[in-house]
Structure formats: C-alpha cells, structure tokens
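Student: I have a model open and would like to talk it through with you. Could we start with the whole protein and then turn to one residue?

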Amino acid sequence: MIQQITADAVFDEAFQWLCERRINYPHNDDVWHLRFHWPRLRGPLQRALCSGQYRFSPVKRVRGPKDVYWIWAAQDALVLKCLAIVLTRFMHPKLSCYHLTGRGGGSGAVRAVQAAVGEATFVFRSDVKSYYASINHECLMGLLRDLIPSPLVLDLVWGYLQHLVDEEGALRQIDLGISLGCPLSPLMGGVYLKPLDDAMTNTGLFYARFMDDWVVLAPSRGPLRGAIKQANQVLESLKVEKHPDKTFIGRVAHGFEFMGYRFDSESGRTGVDICAQSWHNHFKRMETLESEGADAERLAKYQHFWWRWVESGVDLNS
C-alpha cells in the first residue's frame, strides 16, 4: 500500500491539489519553497515514505481576528493528501457514510430520509458532541488495524494523530481529537463511527449517517429502543457522547431536524422543509457579508449557492 501512496500519479494529484489550495498563501509560506524545489524534493520524499523514515513537523496554531487556524507544513499536507487519496479508494467499499465521495453527500442523505420517513412512526436522531475534538486515538487505531494491512501506513496515520502543535514557539503533543482542515480528517471521521454503522445496519431499521449526524427510523417503539441501546453501547466503547441539544427521540409526526432540514407531517407534500436554524444562519451570514463590505456580485453568488443547497433537499415547486 505504501507503494500506491508514493506512486507518481498520486503524488501528481496531491501536488496539484496543494498548489490550488494554497494559491493565495503569503509569499513567505513554505508552499512556495516546496513548489520551486519540487523536482529535487520529490524523490527523497518518496524514498523517506517507503522506508518508514518520514516524520510530520509540528502544526502551527495561529490565532486570527475571529478564528484559530491549524496549518500543516506544505510537505506534510501533501503527504496527508496522498494518504487520503489512496485510503479513501481502499476503504470506500467498507464504509457507508454519506459524506464520502460517491455516497451522495448531504443531499443524498436528506433524500434517503425523505424517502423513508413516510413509512416510519418513530425516530432517533442525534450526533456526537464535539466530534472531531473527542476522537480517541487508541480507539481509532484499533479500527484502522482491522482495515489497513500496512504497518508503514498505520505508522504514518499514528504520526498524523499524535502530532505536535506549535503555538508561538511552545510545543505540545495532541493526545485527543483530529485536526480540522486536514485532508485526511474527513476519512478518519467516517471510519470512527463505522461500529455504529454496523450496529444500526444489523437492526434492520432505516439508518443514515453524514459524518457524525445520524437518523434511525422505526415502525414501533420496541425496535427503536433496541437501536438506541445498541447505539449507546457503541458510543460508550468509542468514548464519545451524544449531543444533548441535538438528540431527538419520539414520534416522526412531532417533527425532527437533520442536515439543516425539518421533517414532519406539516412540511408540504415532500414532508421536508428548511429548519428555523438554517434560515437564521442564512440571514446572519448575509448580515456578516454586508458588514464586511461585500458587493452585490459577492452577495448574489452566496445566495445562488445557498439556494442550490436548499433545492438539493426541498422541492420548491411542491
């Protein structure tokens, strides 16, 4: 598998991704050094990965005006993208989460729930509290050892998990959680709840998950109670918790929210509508853009993409 990760075609794809992703980075960022010296650095990097000698550099933690940013070194980001490309292809048949490429995305999950909700009476909807920050490294590696046959690749993933963080010169090791904005993290987030996928699939009930958001639909209370009990056992074994404010257990007729939409018996013919929080977030984003001085073109572009998202789950003609 390490030969696949270091293959020229994978390296080319990852390098192109890195160049596009960091095209607007400042002139003193290390991505420009990597791009300029890429013909010379490429071979040694491939050899270091194949020999198991590659080690990740500390991740920079930078505080911006509003947010905190985690920035991997350019070469590390390229390696992580190579890992993501190959591992996604390898593990794709073993995973069922909708957020993975080719699974339908958020709109696919919404459409699946929409198609099944009419036949259900009860629902269990929840997600994980502080999902990325709560992922236990040992639990994740235990799952990966059953999926990935290469010790060299597993060693790289362990290095990604147990990386150092550099915050204004002070170094500390990350022992819990995975990195936001890292190309490998969405796949790791998909893998971590695979035991939940397996347990819910075995119940025979309808089940859909997008990253850490999931819905279980049942025709009666008994099967739903069994699914909830199994889900709680799985989450306890993974050392994560359901989000108390985003968990709903009850009748479908009372309505529930999933992926920014609301499902109930009063949402028109389709049984789905935009939830109140989605509207609130939309108007808040519009206000923020206007306060930042966004011109009419930028506002129109944002609205265009927002309505595309709306139409992916709601039939506006119904």
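Predicted model: local features only at pLDDT ≥ 70, side-chain atom pairs only at ≥ 80, totals over all residues.

Student: How far apart are the mean positions of the positive and negative charges of the protein?

Tutor: Residues are numbered from 1 along each chain as its sequence is written, and side-chain values use heavy atoms, leaving out hydrogens and water. Lys and Arg count as positive and Asp and Glu as negative, without His and the chain ends, each charge being placed at NZ of Lys, CZ of Arg, CG of Asp or CD of Glu. For the 36 positive and 35 negative charges, the mean positions lie apart by 3 Å.

Student: Is glycine 250 buried or exposed?

Tutor: Buried means under 20% relative accessible area and exposed over 50%, with partly exposed in between (1.4 Å probe, protein chains only). Glycine 250 has 15% relative accessibility, so this residue counts as buried.

Student: Which residues is glycine 250 in contact with, leaving aside its neighbours within four places in sequence?

Tutor: Contact means heavy atoms within 4.5 Å. With those sequence neighbours set aside, the partners of glycine 250 are Thr121, Phe122 and Val123.

Student: And how far is glycine 250 from threonine 201 in space?

Tutor: In sequence the two are 49 residues apart. From C-alpha to C-alpha, the separation of glycine 250 and threonine 201 is 20 Å.

Student: What does the C-alpha trace of the protein span along its principal axes?

Tutor: Buried residues make up 48% of the 318 residues. Along the principal axes, the C-alpha trace spans about 60 × 50 × 35 Å.
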